[in-house]
Amino acid sequence: MGVVNVTPDSFSDGGRFLQADAAVEHGLALIAEGAEIVDVGGESTRPGAEPVSAQEELRRVLPVVEGIAAAAPGARVSIDTSKASVAAAALAAGADLVNDVSALRADPEMAEVVAVSGADCCLMHMLGEPRTMQREPRYEDVVDEVRAFLEERLAYAVAAGVSEQRVLLDPGIGFGKTVTHNLQLLERLGELTSLGRPIVIGTSRKSFLARIAPSPGAAGEPPDALGRLPGTLATNVLAYERGARVFRVHEVAAVRYALAVAAATLGSRWTARSTPRRRTR
């Protein structure tokens, strides 16, 4: 799952793809690198982020969803939103997956939108909301609590008419978790795969990676967002070994290669396309 942030304030690439043409071009480049899904988002969910209106979010994402869907009809487009109106418009424009960081809690109409459309959806754990989630997050047992939350949200979605076979689950690495919490979730990821749905992992470029080890040759300085690729590769390979099957990343080609090697080492086969899709424009 390749990331396309159509925002001015995302933590890793805010503003680079705010213009629709640049965002579409970036999405097509990720598909060419082998992305099976392109995740388009118009509202930053970084710690401390302020919400944006549905109108502004629609203005940002709709031309991008339409552009990618038209230029690469074989690719899957995901809309990263917690607003039902944005999800409905994006699905009509060519998206077929709703990636909701609130797990259908932020908008009471979201479950119906997903159920009626027949789209896939990703339900993520987050403690609080982006503005507050990193203010001293506490758990008795983070893995047990995240698992219980995801189990409850899966049951909610199914009761609302969403097919269980269309639900993906995301433990929300970095969303209301300390470094220790994130590492515990990665270490014990098998306890989440027992829920029976594909697990989505999103560690790409996140700040907890910078707190674990300094940049090589940087006099002990933590790596910036672009310098966290080694940590991204390590966490995605470990997550794959522990059962994760969807990987939300910025550097698609590098992670795809690492996962292919990991799969071969584990005696299985990476199930993504054997060759990257050619760009269509």
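I began with the contact between two helices (heavy atoms within 4.5 Å): Ala 54, Glu 57, Leu 58, Val 61, Leu 62, Val 65, Glu 66 and Ala 69 of H2 meet Ser 85, Val 86, Ala 89, Ala 90 and Ala 93 of H3. I sorted these residues into 10 nonpolar, 1 polar and 2 charged, where Ala, Val, Leu, Ile, Met, Phe, Trp, Tyr, Cys and Pro count as nonpolar, Asp, Glu, Lys and Arg as charged, and the others, Gly among them, as polar.

A note on the source: this is a predicted model, where local features need pLDDT of at least 70 and side-chain atom pairs count only at pLDDT 80 or more, while totals for chains, interfaces and linings use all residues. Residues are numbered from 1 along each chain as its sequence is written, and side-chain values use heavy atoms, leaving out hydrogens and water.

Next I looked up the geometry: H2 (residues 54-71) and H3 (residues 84-93) pack at about 20°, with axes 9 Å apart. H2 and H3 are therefore roughly parallel to each other (angles under 35 degrees).

Then I stayed with H3, where Ala 84, Val 86, Ala 87, Ala 90, Leu 91 and Ala 93 are buried (under 20% relative accessible area, 1.4 Å probe, protein chains only). The buried residues of H3 pack against H2, strand S3 (76-80), strand S4 (97-100) and helix H4 (110-117). After H3 I found Gly 94, with a positive phi near 130°.

Last, I checked strand S6 (residues 167-170): Val 167 and Leu 169 are buried on one side, Leu 168 and Asp 170 on the other.

Methods:
Axes fitted to C-alpha atoms, helices over the stretch in contact; angles between N-to-C directions. Helix = DSSP H or I, 4+ residues; strand = E, 2+ residues; numbered from the N terminus. Parallel < 35°, antiparallel > 145°, perpendicular 65-115°, else oblique. Buried < 20%, exposed > 50% of the residue type's maximum accessible area, 1.4 Å probe, protein only.
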